[in-house]
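Let's take a walk through this protein, one piece at a time. Have a look at the picture first, and then we'll go through it together.

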Amino acid sequence: MGRRCSEWLCAVGLTLVLLVASLVPSPLERHPEWEWLGPDKFLHLVGHAGYVVVLADALSTWRCSRGEAAVGAVCLSTAHSLVTGRLQTYVPGRAFEPADVIAGVLGSVLAAAGWYVQTAPAGSETSG
């Protein structure tokens with residue numbers, strides 16, 4: 001019971017941190033040349049990669065396979081990205097950018113695959 005609570009507490013806490021960070025008005029100017037490739041896309045990739053690992057750890061405390069936990073984590077991370085992207089349209093200096101979602105999904109998928117392989121029981125195939 002303790003592991004389950006701590007994993008979910010971490011997941012909920014990180015969800016709130018990402019939400020707040022995404023909705024703070026941006027003090028920086030928008031750079032149209034960074035629409036599809038820029039430092040913020042790298043941050044989305046890395047941020048969602050870390051988020052997926054935390055979500056997968058939390059989901060794995062339920063009665064689901066590692067594969068289900070990995071896929072569920074990617075789905076939740078992508079949903080978070082889409083919702084916050086839409087909410088950003090109401091925040092000064094922020095805007096919904098499809099490239100942010102793509103970078104987040106890419107980071108999520110790569111991290112979920114790594115998490116899946118890393119959490120395989122010793123001496124087993126990667127079936128989940």
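A residue counts as buried when its relative accessible area is under 20%, as exposed when that value is over 50%, and as partly exposed in between. You'll find Cys64 in the loop between α2 and α3. Setting aside residues up to four places away in sequence, Cys64 touches Leu59 and Ala69. Keep in mind as you look around that this is a predicted model.

Now step back to the whole chain. Of the 128 residues in the protein chain, 31% are buried. The contacts reach across the sequence, too: among those between residues at least 6 apart, 79% join residues at least 24 apart.

Let's start with the pair on either side of that loop. Helix α2 covers residues 39-59, and its axis comes within 8 Å of the axis of α3, crossing at roughly 130°. That angle makes α2 oblique to α3. The crossing of the two is right-handed. On the α2 side, the residues that meet α3 are His48, Tyr51, Val52, Leu55, Ala56 and Leu59, and on the α3 side they find Ala69, Gly72, Ala73, Val74, Leu76, Ser77, His80 and Ser81. Sorted by class, this contact has nine nonpolar residues, five polar ones and no charged ones.

Next, turn to α3 and α4. Their axes come within 9 Å and cross at roughly 165°. Angles over 145 degrees count as roughly antiparallel, and α3 and α4 are therefore roughly antiparallel to each other. This crossing is right-handed. From α3, the contact takes in Arg66, Gly67, Ala69, Ala70, Val74, Ser77, Thr78, Ser81 and Leu82, while α4 brings Asp100, Val101, Val105, Ser108, Val109, Ala112, Trp115 and Tyr116. Here the classes come out as ten nonpolar, five polar and two charged.

A few residues are worth a visit of their own. Is Ser77 buried or exposed? With a relative accessibility of 1%, Ser77 counts as buried. Ser77 sits in helix α3, which runs over residues 66-87. Beyond its neighbours within four places in sequence, Ser77 is in contact with His48, Tyr51, Val52, Leu55 and Ser108. With Ser108 there is also a polar contact, side chain to side chain, at 2.9 Å.

Ser81 belongs to helix α3 as well. Its relative accessible area is 7%, so Ser81 is buried. Leaving out neighbours within four places in sequence, Ser81 is in contact with His48, Asp100 and Val101.

Finish at Trp115, in helix α4 (residues 98-118). Trp115 is buried, because its relative accessibility is 7%. Which residues does Trp115 contact, leaving aside its neighbours within four places in sequence? They are Val53, Ala56, Asp57, Ser60, Arg66, Ala69 and Ala70. Take Ala56 from that list: Trp115 and Ala56 are 59 residues apart in sequence, yet their C-alpha atoms are 7.8 Å apart in space.

Conventions
Residues numbered from 1 in each chain as written. Predicted model: local features only at pLDDT ≥ 70, side-chain atom pairs only at ≥ 80, totals over all residues. Heavy atoms only, no water. Helix = DSSP H or I, 4+ residues; strand = E, 2+ residues; numbered from the N terminus. Buried < 20%, exposed > 50% of the residue type's maximum accessible area, 1.4 Å probe, protein only. Polar contact = N/O pair within 3.5 Å; in protein donor to acceptor, adjacent residues only side chain to side chain. Contact = heavy atoms within 4.5 Å. Axes fitted to C-alpha atoms, helices over the stretch in contact; angles between N-to-C directions. Parallel < 35°, antiparallel > 145°, perpendicular 65-115°, else oblique. Left-handed = near helix turned anticlockwise from the far one by under 90°. Nonpolar A, V, L, I, M, F, W, Y, C, P; charged D, E, K, R; others polar.
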